[in-house]
Amino acid sequence: MSAPLRVVILGGGTSGWMCAAALSGVLKLGQADSLLDVRLIESDEIGTVGVGEATLPQIKDFNDYIGINEAEFMRRTKATFKLGIEFRDWGKLGNNYHHPFGAFGMSIEGVEFQHCWTRARALGQAAPLEDYSYAIQAARAHRFDFPSEDKQSIKSTFAYAYHFDAGLYAAFLREFSEARGLRRTEGKVRDVNLHPDSGHIRSLVLDSGEEVSGDLFIDCSGFRALLIEDQLMAGWDDWSRWLPCDRALAVPSERTDDFHSYTRSTALAGGWQWRIPLQHRTGNGYVYSSAFISDDEAHRTLLANLEGAALADAKPLRFKAGRRRKSWYRNCLTVGLSSGFLEPLESTSIYLVQIAVTTFMQLLPSCNPGERIDPKLADEFNRLIDNEYERVRDFLILHYHANTRTDAALWEYTRNMSVPDSLIERIGQYRHRGYIRKYKDGLFSPPSWLAVLNGQDIPAEGYDRMADTLNETTLIEKLESLRSRIRAGVDAMPDHAEFVRDYCYVPPARAGMTEEAMR
């Protein structure tokens, strides 16, 4: 049997340790028949961004895939449940809508729900769209329970994600990985040796003088992109003309009684503010464009909008929207912030790490150590990751572009800016007949697009004419039945705070809160 392929991960944080956890949790490391020899290099002296606290439902799939116990993970990361995102003042001042994790309603006699609802609305017989979403109604009522496994039940039409402390998640994954054979080395990279002929990375030289050789290098060095850009110069696609926010301030605050099961995003003059409830504190931040608001004004606005006392100074971040032109170049794979950055408006940062890791595992090279890795693997990886970034990009641009706000220059700019052809086509198809094409791969599903399009007042002027084959009385009765079943189901759900306390409660001495705070 050949020797295992040598994989070197540069950088820890959420990205590095998600890579390490996936490889160590699924593959056999440190054993005689190991496919890989994996080593992670990081320095405690180098900080991580680590402000991402809100996730998408796919993170549960990742944790299940690598063998993580959900309740223990939630205790260790002081997590809460998340049913979606509430958007305030997006599109227009005073607007409020939810992007739910799950479907709107259920199909009626084989006709997709959105077309049934659009026909009923034209007849003046439809309730607001959000009334037909189990996730939205549960979130607005501050309720939570696990979805039903019976796919015929209305209680199966939603999913969930988590709010958690990203720093604690990385520490949890480190412990998980090291227990399964992952080798960690403390140190900083002093130099990088390239092969003179191929330009591939041959080894990393640490401050200690140690030389770490490898067959494949995974760059998780964050915005610095020490390998993929500093050394290999893979290039960068700048998307800031569509997503002009380039700075953020993040600050934790005391937990309040508003312990809801969703992330909140509030549009402001210079960008938007997030609010994320954890078991022990609330995460807050202001993502803004330096072209439209000063750092000082952003700082004052963020602190003025906190619902509890700040627990630390606001942490500043600077970034530029875009992606690496090649996420896998030569023998270097890039994951996380070194691969690209899209603001966390739809909680996609950790998802993009996850999809890069799982895609890499599907394309795991089968060559022997020292042999050239088939470039077709890199080509396929880049194609798939490019699709992921572009689809998230278009979805984020939609939030900015679909607005009628006249109170601030940022919203004037984003409303009038040119947008990618792919987004123009998608909006046009929806306007014409309510059609939302389902992607074969990647984010986001049709209900997500429907939530934002409807929530920001882009109407569907038509619908699938198969909806006209439904008897009008039957259509209206079935819509009301769906609505009533959702309302009854939500009324029977436990309170979110009670559910968290019973399922994954962190004692006050560990979580830094009082017993009363969890009631």
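**Close-up views of a predicted model**

**Figure 1. The second largest pocket and its lining.** Strand S5 (96–100), helix H4 (113–122) and helix H12 (446–455) each contribute at least two residues to the lining. Helix H12 provides the largest share, with four residues. By class, the lining of the second largest pocket comprises 17 nonpolar, eleven polar and two charged residues.

**Figure 2. The cis peptide bond between Leu443 and Phe444.** The peptide bond leading from Leu443 to Phe444 is cis, and its omega is near -5°. Most peptide bonds are trans. Phe444 belongs to the loop that lies between helix H11 (421–433) and H12. H12 is also the element that gives the second largest pocket the largest share of its lining.

**Figure 3. Helices H4 and H13.** H4, one of the elements that supply residues to the lining of the second largest pocket, is shown here with helix H13 (residues 472–491). The axes of the two helices come within 11 Å and cross at roughly 115°. H4 is therefore roughly perpendicular to H13. The crossing of H4 and H13 is left-handed.

**Figure 4. The largest cavity.** The structure holds two cavities of 30 Å³ or more, and the largest has about 40 Å³ of space. Its lining consists of Cys19, Leu23, Ile218, Leu333, Val335, Ala356, Val357 and Phe360. Helix H1 (13–26) and helix H8 (349–362) each supply at least two of the lining residues. H8 gives the most, with three residues. In terms of class, the lining of the largest cavity has eight nonpolar residues, no polar residues and no charged residues.

**Figure 5. The second largest cavity.** The volume of the second largest cavity is about 30 Å³. Ser327, Thr334, Ser339, Leu352, Ala356, Phe381, Ile385 and Tyr389 form its lining. Two or more of these residues come from each of H8 and helix H9 (375–401). The largest share, three residues, is provided by H9. Five nonpolar and three polar residues, with no charged residues, make up the lining of the second largest cavity. Ala356 is listed in the lining of the largest cavity and also in that of the second largest cavity.

**Figure 6. Helices H2 and H8.** H8, which supplies lining residues to the largest cavity, is viewed here with helix H2 (residues 58–66). The axes of H2 and H8 come within 10 Å and cross at roughly 40°. The two helices are therefore oblique to each other. The crossing of H2 and H8 is left-handed.

**Figure 7. The six-stranded sheet.** Six strands form an open sheet in the order S7-S2-S1-S11-S20-S19, and their pairing is mixed. At the edges are strand S7 (183–186) and strand S19 (328–329), each of which pairs on one side only. Within the sheet, strand S1 (residues 5–10) and strand S2 (residues 36–42) run parallel and are joined by six bridges. Leu10 has Ile41 in S2 as its bridge partner.

**Figure 8. The three-stranded sheet.** An open sheet with antiparallel pairing is formed by three strands in the order S8-S9-S10. Its edge strands, strand S8 (189–194) and strand S10 (211–213), each pair on one side only. On average, neighbouring strands of this sheet are turned by 25° against each other, direction ignored. Strand S9 (residues 201–206) is joined to S10 by three bridges, and the two strands run antiparallel. Val205 stands opposite Glu211 in S10.

**Figure 9. The backbone at Lys78.** Lys78 has a phi near 55°, a positive value in a residue other than glycine. Most residues other than glycine have a negative phi. Lys78 is placed in the loop between helix H3 (70–77) and strand S3 (80–82).

Conventions:
Residues numbered from 1 in each chain as written. Predicted model: local features only at pLDDT ≥ 70, side-chain atom pairs only at ≥ 80, totals over all residues. Heavy atoms only, no water. Pairing = 2+ DSSP bridges. Axes fitted to C-alpha atoms, helices over the stretch in contact; angles between N-to-C directions. 1 Å grid on protein atoms, 1.4 Å probe; cavity = no way out; pocket = protein on both sides within 12 Å on 5 of 7 lines; lining within 4 Å. Points joined across faces, edges and corners; volume = space filled by probe spheres on them. Nonpolar A, V, L, I, M, F, W, Y, C, P; charged D, E, K, R; others polar. Parallel < 35°, antiparallel > 145°, perpendicular 65-115°, else oblique. Left-handed = near helix turned anticlockwise from the far one by under 90°.
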